Amino acid sequence: MSYILFIINDAPYGNERAYNALRLAGAIAAKEDANVRVFLMADAVGCAKDHQKVPEGYYNTQLMLSKIVRKGDVALCGTCMDARGLAESELIEGAKRSTLAQLADWTQEADKVLVF
């Protein structure tokens, strides 16, 4: 089984980097032989905010991450959460507050690291 780490830095909306990263992570997570981990940093921590309301027909990063959580791991930089006033109680189910030390461990364990 291969371990693939996605590090996402951009805000959930405003450009399509987070969207494209989550699309790819979801497609890989759907495969039998892959283990996907997603680490959200900087403005990307907003991707895991629960109860997002987006316009009809627009992508929803909360829903995209929820699919990844079922088969992989989703962690958020705690310092980045604090800087943006995002509490752990506001996160989607399965997403966890984390640390740079956790990211370092995941990076060492990963077969591939993709940064968006």
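The legends below describe close-up views of a predicted model.

Local features are reported at pLDDT of at least 70, side-chain atom pairs count only at pLDDT 80 or more, and totals for chains, interfaces and linings use all residues. Residues are numbered from 1 along each chain as its sequence is written, and side-chain values use heavy atoms, with hydrogens and water left out.

**View 1. The open sheet has five strands in the order 4-3-2-1-5.**
The pairing is parallel. Two strands are taken to pair if DSSP finds at least two bridges between them. Strands (E, at least two residues) and helices (H or I, at least four) are DSSP runs, numbered from the N terminus. Strand 4 (95-98) and strand 5 (112-115) form the edges, and each pairs on one side only. From one strand to the next, the twist averages 25 degrees. Strands of a sheet pair through backbone hydrogen bonds, either parallel or antiparallel.

**View 2. Strand 1 pairs with strand 2 in the parallel sense.**
Strand 1 covers residues 2-8 and strand 2 covers residues 34-40. Seven bridges link the two. Ser2 stands opposite Ala34 in strand 2. Further along, Phe6 stands opposite Val38 in strand 2.

**View 3. Strand 2 is largely enclosed by the rest of the structure, because seven of its seven residues are buried.**
Buried means under 20% relative accessible area, exposed means over 50%, and partly exposed lies in between (1.4 Å probe, protein chains only). Ala34, Val36, Val38 and Leu40 point one way from the strand. Asn35, Arg37 and Phe39 point the other way. Residues of both sets are buried.

**View 4. Helix 1 (residues 17-29) lies across strand 1, strand 2 and strand 5.**
Helix 1 runs at about 165 degrees to strand 1. Axes are lines fitted to C-alpha atoms, for helices over the stretch in contact, and angles run from 0 to 180 degrees between N-to-C directions.

**View 5. Helix 1 packs on helix 2 (residues 61-71) at an angle of about 30 degrees.**
The helix axes are 9 Å apart. Helix 1 and helix 2 are therefore roughly parallel to each other. Angles under 35 degrees count as roughly parallel, over 145 as roughly antiparallel, 65 to 115 as roughly perpendicular and the rest as oblique. Helix 1 passes helix 2 in a left-handed crossing. A crossing is left-handed if the near helix is turned anticlockwise from the far one by less than a right angle, and right-handed if clockwise.

**View 6. Side by side, helix 1 and helix 2 meet through residues of each.**
Helix 1 brings Tyr19, Leu22, Arg23, Ala25, Gly26 and Ala29. Helix 2 brings Thr61, Met64, Leu65, Ile68 and Lys71. Contact means heavy atoms within 4.5 Å. The residues of this contact divide into seven nonpolar, two polar and two charged. Ala, Val, Leu, Ile, Met, Phe, Trp, Tyr, Cys and Pro count as nonpolar, Asp, Glu, Lys and Arg as charged, and the others, Gly among them, as polar.

**View 7. Thr61 is buried in helix 2.**
Its relative accessible area is 0%. Not counting residues up to four places away in sequence, Thr61 touches Pro12, Tyr13, Leu22, Gly46, Cys47 and Gln52.

**View 8. Val45 lies in the loop between strand 2 and helix 2.**
Val45 counts as buried, at 1% relative accessibility. Not counting residues up to four places away in sequence, Val45 touches Leu40, Leu76, Cys77, Cys80, Met81, Arg84 and Leu86. Val45 and Leu91 are 46 residues apart in sequence and 9.2 Å apart in space, C-alpha to C-alpha.

**View 9. Gly72 lies in the loop between helix 2 and strand 3 (73-77).**
Gly72 is buried, with a relative accessible area of 14%. Its contacts are Asn35 and Val36, not counting residues up to four places away in sequence. Gly72 and Ala34 are 38 residues apart in sequence and 9.1 Å apart in space, C-alpha to C-alpha.

**View 10. Ala42 has a positive phi in the loop between strand 2 and helix 2.**
The phi of Ala42 is near 50 degrees. Ala42 counts as partly exposed, at 23% relative accessibility. His51 is found in the loop between strand 2 and helix 2. The phi of His51 is near 65 degrees, a positive value in a residue other than glycine. At 65% relative accessibility, His51 counts as exposed. Most residues other than glycine have a negative phi.
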